[in-house]
Structure formats: structure tokens, C-alpha cells
Amino acid sequence: MTEIDPTTRRRVLDALREQRIETPSWAYGNSGTRFKVFAQEGVPRDPFEKVADAATVHRFTGVAPTVALHIPWDRVDDYAALAGYAREQGIELGTINANVFQDDDYKLGSVTNPDPVVRRKAIGHLLECVDVMDATGSWDLKLWFSDGTNYPGQDSARERQDRLAEALRQAYDRLTGRQRLLLEYKLFEPAFYLTDVPDWGTAYAHCVELGERAQVVIDTGHHAPGTNIEFIVAFLLRAGRLGAFDFNSRFYADDDLMVGSADPFQLFRIMHEIVQADALRPSYGIAFMLDQCHNIEPKVQAVIRSVLNVQEATAKALLVDMPALTAAQRAGDVLEANAVLMDAYNTDVRPLLRELREEMDLDPDPVAAYKRSGYLERVRTERVGGEQAGWGA
Ligand code: PSV
Ligand code: MN
């Protein structure tokens, strides 16, 4: 593709303008590995300051109008006040992430723990998260369980599935109106032998059992190397069960690096499936979230970069010449079909994205504009004292 014709250009710009990407509150806090957390200056000390950072990302990108919260990391006394503050800053509170993986009681699991007392405690937390959703106006409850076992024989895999199903049922039945339950899977870690929700198939089966408002979350970092994630996307789209993404990049395991940094081509292939299914528009209902940690790089700038990476992959996916691709596929023209796809991927979409931002009254270069704004320098001097937010590993 050399020239983008005016009709295509308009269609792509309109779709990109509508795109919504949710950023995670924890990306703005300190994070690290089990070896070391490197603290950074200017890091938020409470959920309000995280909201301010998320709003800054939205101010420069124009497509990140919500921030996901993690409970208890973002526990506040008055969630309505936090939601009000977010609105004042120009964004909204998004998905509520439950956290049943950082309490001593959960050593042998949370909702799948062999001890019914611990299971009740974990379920109580899930229900508390729905209370938070009621207060914040969030629609989505996102569940990821670290549950599993380390040794063969440690516990019964089948009974753990029963316990999981029971907990999910209780959380699901507590939802009202448009609220949804989003179930995330992860290949392994922290459990090493058996994980209770290790793959999309397990998550999908539980969602089907629960009902229509239970949907699968694809965290791009939660797969074995070489997994064809776009196939999973296609399958879940066809089944009407793709609820959300946790975008990030991985080289080895759950690295949580900036989306599109390790393998931008994979991100393009994922977005191609989304575009083909007409599932990009917000009304379709997929929550496009980031789930990242910025351990060594400046955080707000890294989140801006990540949002731009998703936009770039999306723009390329929107440029795929679908009639030409379909014709080549139906004719069995393997090389032409592949060439059509690669043509779109190899298009430099940066001029188009600059144009989009100008249309949206944004600086065409969000990273440069953010750096010029002096935001980081300001929060570095303002946010002194108190305790910096972190995910407490
Ligand atoms: C687990 O690795 C996970 O991907 C889940 O989404 C958690 O909520 C998140 O990371 C916490 O960083
Ligand atoms: Mn995740």
C-alpha cells in the first residue's frame, strides 16, 4: 500500500477517534521483580494521585478515558469521591480488579483453598469488589486467581474446579444491570505444578456455565512462547465470549513490558482479528486494557508510549484491504493473501496518527508534548513525603 485513498483515510481516522484504551492504576505505582523494586521520584502516594497520572495520559493521547482500579491497592473510604475526582480530571473509573493473592490466608489458594473458611473470606472480597463497582459506576469485575498447587498430589484438581465454580457463581449472581464478570487465565505462576485457571479453554468453560455476562480476559503475557494468541481472539469472538484484553509484552513469562514493544507484529495480528469482527467500536463491549508494570522506565511516559503502540497496531489493522484479502483467500492464493496483510502492516501510519491528533486538538507528538509539559518535574517536587504506591511484592 503506497497511498491511502481518501475514503479509507476517513474510515480509519473515524475508527481511531472512537477507540478506547484503559490504563491500570498500578502502572503508575512502584513495581519490580522479586529481586528488587526500584522506587522512582514523583510516584503517586494514593489512588487520587494515580487517577491524576491516568488523566495526564488521556490528556495527551485522547483515547485513554478510563483507569482500572485494583482492590485493595486502591481502597479508599469514599469511592464516590474518587469517581468525582476522576471526572474532574477528565476521566472515569473503569474495571475493578479483585485481589485474592496477597494475603497469608491464601497460601494454598483463595477461592479453591481446601479450607472453607478461607474460601468464604475470598468470596467475601469478590463481593466487596462488586460493592465498589456499585459505588464507582464501574461495569466490569475482573478476576484473576493465583490459585493452584506446587506438587503432584497436593490437592484434588477436580475438587478445586468445583470450588472455583461455586465462588464464580456467587460473584456472578451478585452482579446487577450491565455489570459483567471478566475471568482471566494464566499459564502458570505463582503456582508451578497446576494452575486452576491456566488457559482460555478453562476460563471459557466456566464463563459458559455462568451465563452471558461472564466473559474471558486475554492477558497477552499469559501464554506459552509461540502460542497463537490471535487464534484465541478469533475463537472467543466467534463464541461471543471475549470480554477484555490485558495488553502487555513478554519475552519470557509474565514480563508485563510495554505492549507492542517485544512483538508489534503480534499486536497487529490480534487487532486484525478485532477489526475483522467489527469489535473495535466501544459499543461492541470489549475492554481494551493495559496490564503493565514500569520497573525501570518513567511510568506516565511509558503508558503514553503503550497507548500509542496500540493505536499504531490498530491503524495498520484498519488499513488491511479486506475485499482484496477475502478474494485472495477464497481463490486459495496463499501468497497474495499474505501480501495483502503485510502491505497493511508495513504501512507507516505515523503521519495518519499525527493527522488524527490534530483533528482531536491534541499535540501530534504526545510523548514530546508530555515531556515539554513539565508534569514529571512538577509531581517530583509535589509528591514528597508519605508512602509511594506499589504492588507490595
Ligand atoms: C496477574 O499476573 C495479572 O495479570 C492480573 O491481571 C493481576 O490483576 C495483575 O497481573 C496484577 O498486576
Ligand atoms: Mn493481567
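Buried means under 20% relative accessible area, exposed means over 50%, and partly exposed lies in between (1.4 Å probe, protein chains only). The model is predicted: local features need pLDDT of at least 70, side-chain atom pairs count only at pLDDT 80 or more, and totals for chains, interfaces and linings use all residues. Residues are numbered from 1 along each chain as its sequence is written, chains are lettered from A and ligands numbered from 1 in the order in which they are written, and side-chain values use heavy atoms, with hydrogens and water left out.

**View 1. Trp26 pairs edge-to-face with Trp73.** Trp26 is buried, at 8% relative accessibility. Rings of Phe, Tyr and Trp (its six-membered ring) pair if their centres lie within 6.5 Å; planes under 30 degrees apart count as stacked, over 60 as edge-to-face and the rest as tilted. The structure holds 18 aromatic pairs. In the pair of Trp26 and Trp73, the centres are 6.2 Å apart and the planes stand at 65°. This pair links distant parts of the chain, 47 residues apart. Trp26 sits in the loop between strand E1 (22-24) and helix H2 (47-61). Trp73 sits in the loop between strand E2 (66-71) and helix H3 (79-88). Helices (H or I, at least four residues) and strands (E, at least two) are DSSP runs, numbered from the N terminus.

**View 2. Trp73 also pairs with Phe101.** The ring centres of Trp73 and Phe101 are 6.2 Å apart and the planes meet at 85°, so this pair is edge-to-face. Again the pair links distant parts of the chain, here 28 residues apart. Trp73 lies in the loop between E2 and H3, Phe101 in the loop between strand E3 (92-98) and helix H4 (116-136). Phe101 is partly exposed, with 24% relative accessibility. Ring pairs join Trp26, Trp73, Phe101 and Trp144 into a cluster.

**View 3. Helix H9 packs against helix H13.** H9 covers residues 299-318 and H13 covers residues 366-373. Their axes come within 10 Å and cross at roughly 160°. Axes are lines fitted to C-alpha atoms, for helices over the stretch in contact, and angles run from 0 to 180 degrees between N-to-C directions. H9 and H13 are therefore roughly antiparallel. The cut-offs for angles: under 35 degrees is roughly parallel, over 145 roughly antiparallel, 65 to 115 roughly perpendicular and the rest oblique. H9 passes H13 in a right-handed crossing. A crossing is left-handed if the near helix is turned anticlockwise from the far one by less than a right angle, and right-handed if clockwise. Val300, Gln301, Ile304, Arg305 and Leu308 in H9 meet Pro366, Val367, Tyr370 and Lys371 in H13. Contact means heavy atoms within 4.5 Å. By class, the contact of H9 with H13 has 6 nonpolar, 1 polar and 2 charged residues. Ala, Val, Leu, Ile, Met, Phe, Trp, Tyr, Cys and Pro count as nonpolar, Asp, Glu, Lys and Arg as charged, and the others, Gly among them, as polar.

**View 4. Helix H1 packs against H9.** H1 spans residues 6-18. The axes of H1 and H9 lie 10 Å apart, at an angle of about 145°. H1 passes H9 in a right-handed crossing. From H1, Arg11, Val12, Ala15 and Leu16 meet Gln311, Thr314, Ala315 and Leu318 of H9. The contact of H1 with H9 divides into 5 nonpolar, 2 polar and 1 charged residues.

View 5. Pro72 lies in the loop between E2 and H3. Pro190 is in the loop between strand E6 (180-184) and strand E7 (194-195).

**View 6. Glu189 and Asp256 have positive phi.** Glu189 has phi of about 85° although it is not a glycine. Glu189 is in the loop between E6 and E7 and is partly exposed, with a relative accessible area of 33%. Asp256 has phi of about 60°, and is not a glycine either. Asp256 is in the loop between strand E9 (242-247) and helix H8 (264-276). At 12% relative accessibility, Asp256 counts as buried.
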